[in-house]
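Please look over the sequence and the 3D structure shown here before reading the report.

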Amino acid sequence: MPELLKLLDGPAISYGKGALVHVQGEMEHGGACVCPMLGRPMRAAVGGGKAVIGSNVKVAATGATLAVPLGHQDDP
């Protein structure tokens, strides 16, 4: 996350998270990864955040796209 924040022109004010799971996988595995593995580091990198971090998990074939919901870090 610190490396990603360096790519922004300013401070992060909104965020979201997501996972793509291959068609031979299970959606629950993607969800299990985005919650603790992405949520905590994202909050730490932006200095907290009071709002729920929106997320999306999708089972799809290689090359699929994923719509990641964005929300303000402090105002749901």
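The sections below go from the whole chain to single residues.

## Basis of the model

This is a predicted model, in which local features need pLDDT of at least 70 and side-chain atom pairs count only at pLDDT 80 or more, while totals for chains, interfaces and linings use all residues. Residues are numbered from 1 along each chain as its sequence is written, and side-chain values use heavy atoms, with hydrogens and water left out.

The predictor's confidence in each residue, from 0 to 100, is called pLDDT. The average pLDDT of the protein is 89, and 100% of the residues score at least 70. Among the elements, β2 has the highest mean pLDDT (93), and α2 has the lowest (86). As a reading rule, where pLDDT is low, the predicted coordinates should not be read in detail.

## Overall layout

Two helices and three strands are found in the protein. Helices (H or I, at least four residues) and strands (E, at least two) are DSSP runs, numbered from the N terminus. Their order from the N terminus on is α-β-α-β-β. Along the principal axes, the C-alpha atoms fill a box of roughly 40 × 25 × 20 Å.

Buried residues account for 21% of the 76 residues. Here buried means under 20% relative accessible area, exposed means over 50%, and partly exposed is in between (1.4 Å probe, protein chains only). A contact means heavy atoms within 4.5 Å. Of the contacts between residues at least 6 apart in sequence, 69% join residues at least 24 apart.

## The sheet

What is the order of the three strands in the sheet? The strands form an open sheet in the order β2-β1-β3, and the pairing is mixed. The edge strands β2 and β3 each pair on one side only. Two strands pair if DSSP finds at least two bridges between them.

Strand β1 (residues 14–22) and strand β2 (residues 54–60) run parallel and are joined by seven bridges. Between these two strands the chain passes through helix α2 (residues 27–46), and this β-α-β crossover is right-handed. That term applies if, with the strands pointing away from the viewer, the path from the first strand over the helix to the second runs clockwise. Within the pair, G18 stands opposite N56 in β2. In a regular strand the side chains alternate between the two faces of the sheet.

Five residues make up the largest nonpolar core: A12, Y15, M42, V46 and I53. A nonpolar core is a set of buried Ala, Val, Leu, Ile, Met, Phe, Trp, Tyr and Cys residues joined through side-chain atoms within 4.5 Å. Leaving aside neighbours within four places in sequence, A12 is in contact with L5, V46 and Q73.

Q73 is found in the segment after β3 (71–72). Is Q73 buried or exposed? Q73 counts as buried because its relative accessibility is 12%. Leaving aside neighbours within four places in sequence, the contacts of Q73 include A12, Y15, V46 and K50.

M1 is placed in the segment before α1 (2–5). With a relative accessible area of 27%, M1 is partly exposed. Apart from neighbours within four places in sequence, M1 is in contact with P41, M42 and A45. The C-alpha atoms of M1 and V23 are separated by 28 Å, and these residues are 22 residues apart along the chain.

T65 belongs to the loop between β2 and β3. Its relative accessible area is 60%, so T65 is exposed. Apart from neighbours within four places in sequence, T65 is in contact with L20 and K58. The C-alpha atoms of T65 and Q24, 41 residues apart along the chain, are separated by 17 Å.

## Cysteines

How many disulfides does a search of the whole structure find? The search finds zero. A disulfide is a covalent bond between the sulfur atoms of two cysteines; the cut-off used is a pair of cysteine sulfur atoms within 2.5 Å.

C33 counts as partly exposed at 38% relative accessibility, and C35 counts as partly exposed at 44%.
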